[in-house]
Amino acid sequence: MIVVEGVRFTYSGGVEALRDVSLTVKDGEFVAIMGQNGAGKTTLVKHFNGLLKPSKGTVRIDGVETTKTSIAKLSRTVGFVFQNPDHQLFSETVEEEIAFALKNFGFEEEVIQKQITWALNLLSLTQYRKTSPFMLSGGERKRVALASVLAWDPQILIMDEPTIGQDHEQKEKLRQFIVQLQAQEKTVVIVTHDVEFVAECNPRVVLMKEGKIVADGKGKDILTNLEALAQSSIVLPQIAQIFTQLAPLGLSRNVIDIYEAKDILLQAWGRRRT
Amino acid sequence: MFVAAILFGSILPLTALFLMQFPFVFLARVQRQWLRSLRGALFLAVFIFFTNFIFSFINAGYVIIASNVEFAVFFLTTSPDLLGLALEESHVPYEFSFAFTTAVRFVPVLAEEAQTIMDAQKARGLELEKGNFMKRIRNYIPVLIPLIVSAIRRSLELAEAMESRAWGATKKRTNLYGLTLHKGDFVLLGITMAILVVAFYVLLFVPVPTLTKLFL
Amino acid sequence: MAVIETRNLSYTYPGATKPSISDVSLKVEKGDFVLITGPSGCGKTTLCRCFNGLIPHFYQGELKGEITVAEKDVTKHQTHEMAKHVGLVFQNPENQLFALSIEKDVAFGLENLGFSREEMRKRVDWALNLTGIYDLRERSPHEVSGGQQQRVAIASVLAMQPEIIVLDEPTSFLDPLSAEKIFQVIHELNQTLGITVVLVEHRLDLTARYANHIIIMDEGKVCSDGGTREILCAEETRIIGVGIPKATLLYKLLGNEGMNLGDVTPLSSDEMAKLLLEAFGRR
């Protein structure tokens, strides 16, 4: 469980990136943190594994204050997948890449081997076990980075802009993967500005603006809240855009899913005809 | 002035030179840009300095060369705009002045990237501070390799962009800006020459105490 | 009049075992706004680099077939020659700007071509104004946002006044709002200056509405090539795995269930909303 209480954070350059942020993420939740560039999203999540420590206030992971422990210890519980996989990859083989963190955390050799096999399988990378990560395509490298974090089975997984540069298929696979993780009761936090992706996943959405949380609720409600979105300079998802303009038809505005939209429209259509 | 910096491998004279830069920077009114580039360079310089510090226990000779380079970089970035323009105007082949200004332009980018890479690896349990000196050096491999790979990839992308904007079209490149030499510049030039002469004299004839000798 | 024409174009990178693009034949007319899309690895980036000569001149490798851009055989003209006619904007905003000030970056191409200072000044200011970044001209490229950086990249290509501008996933790293602004700038350039635009993108929900021509690629080959509305509505397109705009998909889903909204496929939420209002209004 992640508990953030009254956190303020100022970068050494003097920029106040977080202004009195409080947030609780329960075990097993799926949260999307959204907001404009500079709103403080990445700054906030970097507090979850201790990369950043609050200037004021506290951040507690499973009851332990992040200032009272090390990044390495926190990372055992909180896995962080960075936006650019090339900022992590350095090994000669995918296998070694995945083993890196496991060795750092002091796992035993047999456990390491087991975990590597498991992680490779999970992300369909088994055939690349002995391949150099630098020879893989962009999408494959992203999966290797993800595998190397999942390998130590952290309870909480943070992903910073996981959909950048991904095509439609890859995003769909990612969405399904997150569903899988949720089934394993893992806590998933993503930082993203991809509204369409969030609309398809429909997680809890936390909206940030200028270092503060301005909205927090179910994806469906937040992503159809014109005011909140306009404030944080976020674009409405396509389906919501359509339904906002259908006000004269008296249909619900609270729609982000395409299949739900279809059903609502067909129902209304059926009613009109009779 | 940076020629003088290259001549000295130790901290004291370099600090003196560094402080002497201040009046010129203000005169040229580039203090804002100077401070900006300084911030970027500072991190990189600290980073390089730290790794060199570790190496220093292995090979003293290496230190001199290494710290020369690092301080040269440090000074190179203090007034990049003027220096870059001066280089272009002084009939140095364009490739060199371009390489120089591009390197300088990317110092803050590289510094940020180095920080991000360190964060990413720390998040995988890498503890940079742990272990004996050999271990500490090895700890930096997961940081250096992505940095180098990224630098290579970046160079490729830059080369593509340059080619796509007609790099190499003519031998005689023109320039959007012109740098005209004013009287003040000649004065500056004169003072710089004087400093160089003094620096040479000191290097050759005056024993300069090293930092360790001063404090031990 | 075709500004880009390829015939059976195939290309293999040096050291690669199979070609990145095979047998690509396409035509782009003057003034077109072409969208090129397809799953990752389909060859769209490779194709872009053929348009301005990076392939074959920069990348070497094996190029087969014919390619004519701005009435020039690309294989016979160096990249710096092609640069006068085709501008290329890349995916990563940071790595295509190298000067210490934005206006110097915009002038870069002109400096390479040996323009006079007065002419450069004129063109640089013109390009900065067209892309809405005139006020940023003295700033360092690193200081500005990704969206602004991409506008600098566009301006620096625009300054050379090419007939064609090719953009390879220019908004990959940008948030949707900044991305929309970039697409609007490109759309303006296409409409007011008549510049032919070739845009490689995944984000069809933001771009389909501007394109009159779409080419879908998969595994190095062209799968579909034609008018945006027909292609995006076709079943094959959905199967390939392209991210069809939600408005278009909804239109299709409703059509499949008997709710006919007319013949014109919507490409944006506005168009879809209008269709729906009309349909309901009629009854």
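Biologist: What percentage of the 274 residues of chain A count as buried?
Modeller: Of those 274 residues, 50% count as buried, where buried asks for 20 or more other C-beta atoms within 10 Å of a residue's own, exposed for 12 or fewer, and partly exposed lies in between, with the C-beta atoms placed from the backbone. Please keep in mind that this is a predicted model, in which local features need pLDDT of at least 70 and side-chain atom pairs count only at pLDDT 80 or more, while totals for chains, interfaces and linings use all residues. Residues are numbered from 1 along each chain as its sequence is written, and chains are lettered from A and ligands numbered from 1 in the order in which they are written.

Biologist: How many helices and strands does chain A have?
Modeller: Chain A has eleven helices and ten strands, which are DSSP runs numbered from the N terminus (H or I and at least four residues for helices, E and at least two for strands). Because its radius of gyration of 20 Å is close to the 19 Å that the globule rule gives for 274 residues, chain A is as compact as a globular protein of that length; the radius is taken over C-alpha atoms, and the rule is 2.2 Å times the number of residues to the power 0.38.

Biologist: New topic: how many residues of chain A are in contact with chain C?
Modeller: There are 32 residues of chain A in contact with 30 residues of chain C, and a contact means that the C-beta atoms of two residues, placed from the backbone, lie within 7 Å.

Biologist: Which element of chain A gives the most to that side?
Modeller: H11(A) gives the most to the side of chain A that touches chain C, with eight residues. By class, this side has 13 nonpolar, 13 polar and six charged residues, with Ala, Val, Leu, Ile, Met, Phe, Trp, Tyr, Cys and Pro counted as nonpolar, Asp, Glu, Lys and Arg as charged, and the others, Gly among them, as polar.

Biologist: And where chain C touches chain B, which element gives the most?
Modeller: Here 33 residues of chain C are in contact with 26 residues of chain B, and H4(C) gives the most to the chain C side, with seven residues. That side has 15 nonpolar, twelve polar and six charged residues.

Biologist: What domains is chain C divided into?
Modeller: Chain C is divided into domain 1 (2–237) and domain 2 (245–283), with bounds that come from an automatic or database domain assignment. Their C-alpha centres lie 32 Å apart, and eight residues of domain 1 of chain C are in contact with eight residues of domain 2 of chain C. On the domain 1 side, the largest share, four residues, comes from H9(C).

Biologist: Why is strand S8 of chain C largely enclosed?
Modeller: Five of the five residues of S8(C), residues 196–200, are buried, so the strand is largely enclosed by the rest of the structure. In a regular strand the side chains alternate between the two faces of the sheet. For S8(C), both faces are covered, with C:Thr196, C:Val198 and C:Val200 buried on one side and C:Val197 and C:Leu199 on the other.

Biologist: Which strands are joined to S8(C) by bridges?
Modeller: S3(C), residues 33–37, runs parallel to S8(C) and is joined to it by four bridges, while S7(C), residues 164–168, also runs parallel to S8(C) and is joined to it by five bridges; strands pair if DSSP finds at least two bridges between them. C:Val200 is the bridge partner of C:Ile36 and also of C:Asp168.
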